[in-house]
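Have a look at the sequence and the structure first, then read on.

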Amino acid sequence: MSFDHSRFDPLNGDNIIRISAGLFMFPHVAGKFFDHAAVLGFFTKAGFPMPEFFLYLAAATEALAGICLVLGLHTRFAAPAAAGALIVATGALFEVGGFKWLWNKGGFEYPEFWALICLAITAKEWKPVIRRRLVDARA
């Protein structure tokens, strides 16, 4: 089994976006542990049942999706998982703070943009699979 260096080609824009999307997950994972009490309070205020369970679920999802996106492993599954976590985060921010757009004022602009990036990665990764299935169905 050989290593696929093309997943890390710095001249490929798809790689830059995929790797960046994955790397940006790690500060969010770290924040869940470095400021655990505050984040747990946020999950509680957002109305999550069993907030500690969902905090750890979010951390695990973000960590695993981040690793997979950075390494280019199982990207077509990691990107929608990351997008899902970010969409839930957007909803939680809305629940706690109401309609605030700017991230630096407690709004959901940043996770919403990041979720859209992950959805774009998802579309790019699934496109060849869907195209193959459509061609096979026509044959």
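The side chain of Thr 90 reaches the side chain of Glu 112 in a polar contact of 3.4 Å. A polar contact here is a pair of N or O atoms within 3.5 Å; within protein, one must be able to donate a hydrogen and the other to accept it, and residues adjacent in sequence count only if both atoms are side-chain atoms. Thr 90 belongs to helix α5, residues 75–97. Helices are DSSP runs of H or I with at least four residues, strands are E runs of at least two, and both are numbered from the N terminus. Thr 90 counts as buried because its relative accessibility is 9%. The cut-offs: buried is under 20% relative accessible area, exposed is over 50%, and partly exposed is in between, with a 1.4 Å probe and protein chains only. Setting aside neighbours within four places in sequence, Thr 90 is in contact with Phe 108, Pro 111 and Glu 112, where contact means heavy atoms within 4.5 Å.

A word on where this comes from: the model is predicted, so local features need pLDDT of at least 70 and side-chain atom pairs count only at pLDDT 80 or more, while totals for chains, interfaces and linings use all residues. Residues are numbered from 1 along each chain as its sequence is written, and side-chain values use heavy atoms, with hydrogens and water left out.

Now the whole chain. The protein chain has six helices and zero strands, so the pattern along the sequence reads α-α-α-α-α-α. The C-alpha trace spans about 50 × 35 × 30 Å along its principal axes. Of the 139 residues, 30% are buried. Among contacts with a separation of 6 or more, 58% join residues 24 or more positions apart. The accessible surface comes to about 8,900 Å², and carbon and sulfur atoms hold 70% of that; the areas come from the Shrake-Rupley method with a 1.4 Å probe, and for residues only the protein chains shown count as cover.

Which residues have the most contacts inside the largest nonpolar core? They are Ala 21, Leu 69, Ala 82, Leu 86, Trp 114 and Cys 118, in a core of 14 residues. A nonpolar core is a set of buried Ala, Val, Leu, Ile, Met, Phe, Trp, Tyr and Cys residues joined through side-chain atoms within 4.5 Å. The elements giving two or more residues to this core are α4 (51–71), α5 and α6 (109–138), and α5 gives the most, with five. A second, separate core has seven residues, including Val 39, Ala 46, Phe 48 and Leu 55. As for Leu 69, and not counting residues up to four places away in sequence, the residues it touches include Arg 18, Ala 21, Ala 82 and Ile 121.

Lys 32, in helix α2, is a lysine that counts as buried because its relative accessibility is 8%. Lys 32 touches Val 39, Phe 43, Leu 55, Ala 58, Ala 59 and Glu 62, again not counting residues up to four places away.

On to the rings. A search of the whole structure turns up ten aromatic pairs. One of them is Phe 42 with Phe 43, edge-to-face at 6.3 Å centre to centre and 80° between the planes. Rings of Phe, Tyr and Trp (its six-membered ring) pair if their centres lie within 6.5 Å; planes under 30 degrees apart count as stacked, over 60 as edge-to-face and the rest as tilted. Ring pairs also tie Phe 42, Phe 43, Phe 48, Phe 53 and Phe 54 into a cluster. Elsewhere, the charged end of Arg 76 sits over the ring of Trp 126, 5.2 Å from its centre; that label needs NZ of Lys or CZ of Arg within 6 Å of the ring centre and within 35 degrees of the ring normal.

Here are some residues with their relative accessible areas.

| Residue | Relative accessible area | Class |
|---|---|---|
| Phe 42 | 26% | partly exposed |
| Phe 43 | 9% | buried |
| Met 50 | 56% | exposed |
| His 74 | 58% | exposed |
| Pro 27 | 52% | exposed |

Met 50 has a positive phi of about 50° although it isn't a glycine, and Met 50 lies in the loop between α3 (36–45) and α4. His 74 also has a positive phi of about 50° without being a glycine, and His 74 is in the loop between α4 and α5. Pro 27 is in helix α2, residues 25–34.
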